[in-house]
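Me: Can you walk me through the pockets and domains of this one? Here it is.
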Amino acid sequence: MKTAKELLEFAARQGIHHLESQPGRHPFPGPSAIEQLDRLSFPLPDTPTAPEEVIRLLDEAGSPAAVGNTGGRYFGFVIGGSLPVTVAANWLAGAWDQNAGLKVTSPLAAKIEEVAAAWLLEVLRLPGEAGVGFVTGATMANFCGLAAARHTLLKRKGWNVEARGLYGAPEVKVVVGAEAHVSPLKALSMLGFGSERVMRVPINSEGEILPDQLPPLDDMTIVCLQAGNVNSGAIDPLEEICRMARARGAWVHIDGAFGLWGAASPQLAEQLTGHGLADSWATDLHKWLNVPYDSGIVICRDPQGLRAAMSINAAYIPPQEEREPYAFTPEMSRRARGIEAWAALYALGKSGVAELVENSCRHARHFARKLKRAGFEVLNEVNINQVLVSFGSDELTRRVIRELQKEGTCWCGSTTWHGRHVMRISVSSWATTTEDVEACAEAMIRVAKQEKSFKLVGC
Ligand SMILES: Cc1ncc(COP(=O)(O)O)c(C=O)c1O
């Protein structure tokens with residue numbers, strides 16, 4: 001293996017082998033695979049190593065230790081798989097090595113992101129004239145959307161926050177639901193709003209904001225809503241709150257890391273009614289669109305607000321007559337994330353995106369039905385792709401999760417819901433099939449019954 005071509009072919013072969021070996025494989029690496037990671041850790045060599053040795057070791061020690069979220073039986077956190085066409089696009093894009101920051105550094109990346117942005121707005125049913133920035137994920141997207149909000153609200157009072165910071169600035173009130181994800185809270189703290197200073201609004205049992213509990217809103221208020229609670233999947237009453245906020249000049253930001261994709265499905269769209277009335281949105285592409293990590297987008301109704309919050313000026317940067325990608329993101333140099341989004345959307349078409357989302361939801365309902373029928377408790381209304389299960393006491397549920405993770409048919413994590421320890425099933429991968437759900441639900445039930453009987457005999 002002497003040439004670059006042979007090296008790349010070897011890496012591709014091993015990557016394909018890894019993907020092909022996923023079905024039937026334990027979705028989480030075993031202790032010996034984790035131990036083998038030590039093979040990657042040694043003093044930095046003084047002299048060069050042959051590239052084929054580098055890739056060989058990376059594959060030998062790394063591939064067995066990769067978490068199997070590309071297979072159909074990984075239901076941990078909210079983690080999507082990767083559609084094969086997006087992996088292929090990612091490999092080609094890796095060969096291109098484009099700097100997507102400027103049109104002049106990559107006309108290719110700029111063009112493809114422009115197209116992908118328009119397609120994303122169409123499929124998510126958002127205003128076609130909105131500004132879109134391609135970022136690492138929902139956390140950066142929340143950061144950017146809330147930065148645009150901060151810019152716009154303070155500008156209304158004649159305050160240039162990019163130039164003057166928040167010292168002595170007019171006060172901005174920030175309102176979030178009591179069940180808001182930590183991601184927008186982190187974004188708010190990075191923006192100087194303070195994650196503890198925000199006002200938290202009471203919620204219902206599914207985690208949705210109660211509109212009548214909102215504090216008075218005005219034109220210096222940011223209301224941060226959620227489409228897709230990370231545990232229950234619940235979606236805030238978007239239309240009612242957006243209309244209230246609009247009437248009072250408040251800014252609405254929607255954290256729709258995965259739930260926003262419901263808008264792409266005729267079956268789910270009703271749950272998101274009014275989502276298009278907000279001012280900014282954050283969503284992940286690496287979750288439900290199933291593109292490789294890392295990938296998300298910020299969307300801002302007024303592109304100027306986002307541009308003003310993100311823009312910089314330097315003598316060597318061309319003037320912005322047209323869309324310059326860097327003007328919509330915190331980064332200057334970055335990889336061309338829009339490429340995989342473009343590939344996914346082209347390959348799936350509108351109906352394929354809807355089907356991907358609807359299949360996940362159908363699988364989630366299937367899980368819930370089977371588990372309920374077996375006598376276990378499903379704690380949430382399975383409105384989208386999330387299922388919260390209790391197998392009995394917290395202690396028993398903890399043991400079932402641990403044993404299921406060891407048993408290896410599938411992988412689910414835990415969370416806390418209404419003070420209870422529960423198992424969370426998040427169906428977010430294109431690769432999950434009905435057969436996977438059948439096999440995984442049976443494994444869950446088998447392990448749970450086993451653990452329950454151990455308990456009964458006092459083991
Ligand atoms: C509602 C919500 N917001 C934000 C995030 C953070 O997304 P990311 O890890 O891609 O930044 C998540 C992740 O699960 C989420 O569920």
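Me: What sort of model is it, and how are residues numbered?
Reply: It is a predicted model, where local features need pLDDT of at least 70, side-chain atom pairs count only at pLDDT 80 or more, and totals for chains, interfaces and linings use all residues. Residues are numbered from 1 along each chain as its sequence is written, and side-chain values use heavy atoms, with hydrogens and water left out.

Me: Which domains is the chain divided into?
Reply: Domain 1 (4–68), domain 2 (89–344) and domain 3 (355–456); the bounds come from an automatic or database domain assignment. The centres of domain 1 and domain 2, taken over C-alpha atoms, are separated by 36 Å.

Me: Which residues lie nearest its centre?
Reply: Ala11, Gly15, Val87, Asn90 and Trp91, out of 28 lining residues. Helix H1 (4–20), helix H3 (51–62) and helix H4 (84–96) are the elements that give two or more residues to this lining, and H1 has the largest share with 8 residues. Helices (H or I, at least four residues) and strands (E, at least two) are DSSP runs, numbered from the N terminus.

Me: How does that lining divide by class, and which domains does it draw on?
Reply: The lining of the largest pocket has 15 nonpolar, 12 polar and 1 charged. Nonpolar is Ala, Val, Leu, Ile, Met, Phe, Trp, Tyr, Cys and Pro; charged is Asp, Glu, Lys and Arg; the others, Gly among them, are polar. Domain 1 and domain 2 each supply at least three residues to the lining of the largest pocket.

Me: And the second largest pocket, how much space is in it?
Reply: About 420 Å³. It is lined by 23 residues, with Leu19, Gln22, Pro23, Thr70 and Gly71 closest to the centre. H1 and H4 are the elements giving two or more residues to the lining of the second largest pocket, and H4 has the largest share, 4 residues. At least three lining residues come from each of domain 1 and domain 3.

Me: Switching topic: how many cavities of 30 Å³ or more?
Reply: The count is 1, a cavity being a set of points where a 1.4 Å probe fits but cannot get out. The largest cavity has a volume of about 70 Å³. Among its 13 lining residues, Gly177, Ala180, Cys224, Gln226 and Asp236 are closest to the centre.

Me: Back to H3. Which of its residues are buried?
Reply: Glu52, Asp59 and Ala61 are buried, where buried means under 20% relative accessible area, exposed over 50% and partly exposed in between (1.4 Å probe, protein chains only). The buried residues of H3 pack against H1 and helix H2 (31–36).

Me: What about Ser63, where is it?
Reply: Ser63 is in the loop between H3 and H4. Ser63 is partly exposed because its relative accessible area is 21%. Leaving aside neighbours within four places in sequence, Ser63 is in contact (heavy atoms within 4.5 Å) with His18, Arg25 and Leu58.

Definitions and conventions:
On a 1 Å grid over the protein atoms alone, a cavity is a set of points where a 1.4 Å probe fits but cannot get out, and a pocket is an open set with protein on both sides within 12 Å along at least five of seven lines; lining residues have an atom within 4 Å of a point. Grid points are joined across faces, edges and corners, and a volume is the space filled by probe spheres set on the points.
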